[in-house]
Amino acid sequence: MIFQEYLKLMNPKGKIYCIFDEIQYFENWQVYIKSKYEMSDIKYIITGSNSSMS
């Protein structure tokens with residue numbers, strides 16, 4: 001995954017922010033975000049149109 005490569009190559013310091021826009025187009029995005037959120041100290045910012053979300 002691109003994000004893991006970023007962490008490995010850049011070794012960022014401090015708070016990490018990960019932004020997802022229009023995430024509703026990806027299947028099971030809630031499961032993915034929840035699993036990553038619970039396993040890290042990363043701040044996730046999620047945006048998108050709620051017109052297609054159920």
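Is tyrosine 44 buried or exposed? Tyrosine 44 is buried, with a relative accessible area of 13%; buried means under 20%, exposed over 50% and partly exposed in between (1.4 Å probe, protein chains only). The model is predicted: local features need pLDDT of at least 70, side-chain atom pairs count only at pLDDT 80 or more, and totals for chains, interfaces and linings use all residues. Residues are numbered from 1 along each chain as its sequence is written, and side-chain values use heavy atoms, with hydrogens and water left out.

**View 1. The aromatic pair of phenylalanine 20 and tyrosine 44.** A search of the whole structure finds one aromatic pair (ring centres of Phe, Tyr or the six-membered ring of Trp within 6.5 Å; planes under 30 degrees apart count as stacked, over 60 as edge-to-face, the rest as tilted). Phenylalanine 20 and tyrosine 44 are stacked, at 6.1 Å centre to centre and 20° between the planes. Phenylalanine 20 belongs to strand E1 and tyrosine 44 to strand E2 (residues 43-47), so the pair ties together parts that are 24 residues apart in sequence. Helices (H or I, at least four residues) and strands (E, at least two) are DSSP runs, numbered from the N terminus. Phenylalanine 20 is partly exposed, at 21% relative accessibility.

**View 2. Aspartate 21 and its contacts.** Aspartate 21, in strand E1, is exposed, with a relative accessible area of 54%. Not counting residues up to four places away in sequence, aspartate 21 touches Thr47 and Gly48 (contact: heavy atoms within 4.5 Å). A polar contact of 2.5 Å joins the side chains of aspartate 21 and threonine 47. Such a contact is a pair of N or O atoms within 3.5 Å; within protein, one must be able to donate a hydrogen and the other to accept it, and residues adjacent in sequence count only if both atoms are side-chain atoms.

**View 3. Salt bridges.** Three salt bridges are found in the whole structure (a side-chain nitrogen of Lys or Arg within 4 Å of a carboxyl oxygen of Asp or Glu). One of them joins aspartate 41 and lysine 15 (3.3 Å, N to O). This pair links distant parts of the chain, 26 residues apart: aspartate 41 is in the loop between H2 and E2, and lysine 15 in the loop between H1 and E1. Aspartate 41 is exposed, at 60% relative accessible area, whereas lysine 15 is partly exposed, at 43%. Glutamate 38 and lysine 34 meet at 2.7 Å, N to O.
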